[in-house]
Amino acid sequence: MSPRPEEAAMRREVVKRIETVIKDLWPTADVQIFGSFSTGLYLPTSDIDLVVFGKWERPPLQLLEQALRKHNVAEPYSIKVLDKATVPIIKLTDQETEVKVDISFNVETGVKAARFIKEYMKKYSLLPYLILVLKQFLLQRDLNEVFTGGISSYSLILMAISFLQLHPRIDARRADENLGMLLIEFFELYGRNFNYLKTGIRIKNGGAYIAKEEIMKVMTNGYRPSMLCIEDPLLPGNDVGRSSYGAMQVKQVFDYAYIVLSHAVSPLARSYPNRDSESTLGRIIKVTQEVIDYRAWIKKKWGSKINLSPELDNRLKIRDQIAPCNGEQNNNRDSESSYNQRLTLSLASTQQLSSGSSASSVSSLSGSDIQHTGMKFSMKGTHNQGNSYSPVNSGGMRQPVGNRGHHQYNRNIWRRKKHRDSLPISLSR
């Protein structure tokens with residue numbers, strides 16, 4: 001589900017429309033992008049996060065809301081002013097594209113976090129691939145937002161960074177490391193081995209697992225470490241996972257994914273009745289036809305607008321270029337870049353895996369953007385940490401209660417008006 005150039009072009013147009021309204025109100029205001037659009041780690045369903053910097057005693061939320069309504073930028077009933085939130089924001093849905101946008105004022109933490117994430121994306125070239133797959137995995141289970149009981153993208157990224165920092169195999173951080181193996185190990189660590197009751201995650205100073213008693217000593221305002229305790233590397237005393245009240249549901253679906261993928265690459269998989277019709281990764285990740293149609297509509301409408309200026313290009317790329325993702329049929333595959341193929345997580349055929357040799361990829365997931373590449377997969381050990389506070393915990397094989405919404409997107413789905421003839425029929429429902 002890596003971003004396509006035309007999807008970036010579409011989102012830049014959304015930002016430009018909103019920025020024009022803001023500049024009309026306050027010519028000296030500075031509008032900045034942060035979040036997943038800034039880092040390039042966004043899915044087709046992801047919001048755009050904007051922050052407006054200026055000189056106000058209080059965030060002028062109502063004034064901007066009125067201006068957005070006047071210029072018909074947003075769907076009439078989509079604009080919401082959340083002035084009582086911890087971080088006051090305006091939420092809206094773009095009129096033309098149905099992309100959701102969050103606008104805040106004078107909040108620097110989001111911009112700093114985006115900068116921080118980009119630095120680690122340079123350090124760990126495998127990080128973007130893991131994050132995009134994990135975000136899709138949580139999205140379809142309604143566990144990708146804190147207010148639905150899931151975890152935030154920032155928490156997920158910090159968990160992935162810690163996973164790579166503390167991985168016992170040095171080669172796990174190499175650019176050519178097997179992504180399928182890393183994905184299974186990630187699920188194993190956070191699905192069954194990590195001790196959520198006693199251990200917190202620290203990213204700074206090379207990364208470590210820390211006893212929650214130690215973390216509590218530096219926490220402010222009388223807070224105690226949460227179940228998913230992650231030290232904020234940018235704000236001392238802040239627990240990033242504090243609001244993730246459904247962290248144990250996330251743990252359960254990670255455990256579920258570990259069980260499913262481990263069985264899928266075991267020697268027993270040769271006898272599975274659906275082994276030839278479904279890819280290994282397709283057992284835990286699905287992409288709906290509605291999403292495929294939406295991406296096809298974006299490609300058709302914005303495909304001619306993908307020439308980026310160098311400045312914008314650098315802001316929006318994951319690495320050297322934003323690779324297109326194949327959501328259509330085989331006739332589009334010739335145009336896909338080789339870089340995009342690195343996103344594919346190829347899981348081994350069971351016979352080669354059991355013998356320890358390199359494995360060929362399995363068949364691609366029908367209707368998905370996660371495809372066959374022929375990347376190697378070999379078991380290279382488990383993810384056991386050598387720290388003073390072991391993350392090991394006893395994990396049972398329970399079917400997760402959070403494994404819901406496997407074929408739906410709920411809050412992240414696109415609903416378009418029936419009178420819009422230019423939109424895909426499947427998106428007008």
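1. In the largest nonpolar core, which has 58 residues, M159, F186, F187, Y190 and F254 are the ones that touch the most other members. Keep in mind that this is a predicted model. Helices α4 (109-123), α5 (127-139), α6 (153-165), α7 (179-193) and α9 each give two or more residues to this core.

2. F254 deserves a look of its own. Once neighbours within four places in sequence are set aside, F254 is still in contact with F137, L138, L156, M159, F186, F187, Y190 and G191.

3. Now the rings. The whole structure holds 18 aromatic pairs. One of them joins F187 and F254 in a tilted arrangement, with 5.5 Å from centre to centre and 45° between the planes. F187 sits in helix α7 and F254 in helix α9, so this pair ties together parts that are 67 residues apart in sequence. Both of these phenylalanines are buried.

4. F194 and Y196 make another aromatic pair, this one edge-to-face: the centres are 5.0 Å apart and the planes are at 80°. Both F194 and Y196 are buried. If you want to view the rings together, select F137, F163, F186, F187, Y190, F194, Y196, Y209 and F254, which ring pairs link into a cluster.

5. E98 is not a glycine, yet its phi is positive, at about 70°. You'll find E98 in the loop between β4 (89-93) and β5 (100-105). Is E98 buried or exposed? E98 counts as buried because its relative accessibility is 8%, and the cut-off for buried is under 20%.

6. N205 is the other one: a residue other than glycine with a positive phi, near 60°. N205 belongs to the loop between β6 (199-202) and β7 (208-211). With 76% relative accessibility, N205 counts as exposed, since exposed means over 50%.

7. Last, the surface. L197, M227 and M248 make a nonpolar patch of about 270 Å². M248 lies in helix α9, which covers residues 247-264.

Methods. Residues numbered from 1 in each chain as written. Predicted model: local features only at pLDDT ≥ 70, side-chain atom pairs only at ≥ 80, totals over all residues. Heavy atoms only, no water. Patch = residues over 30% accessible without salt bridge, like charges linked within 9 Å, V, L, I, M, F, W, Y side chains within 5 Å. Areas by Shrake-Rupley, 256 points an atom, 1.4 Å probe, with all protein chains shown as cover. Salt bridge = Lys/Arg side-chain N within 4 Å of Asp/Glu carboxyl O. Helix = DSSP H or I, 4+ residues; strand = E, 2+ residues; numbered from the N terminus. Core = buried A, V, L, I, M, F, W, Y, C linked by side-chain atoms within 4.5 Å. Buried < 20%, exposed > 50% of the residue type's maximum accessible area, 1.4 Å probe, protein only. Contact = heavy atoms within 4.5 Å. Phe/Tyr/Trp six-rings, centres within 6.5 Å; stacked < 30°, edge-to-face > 60°.
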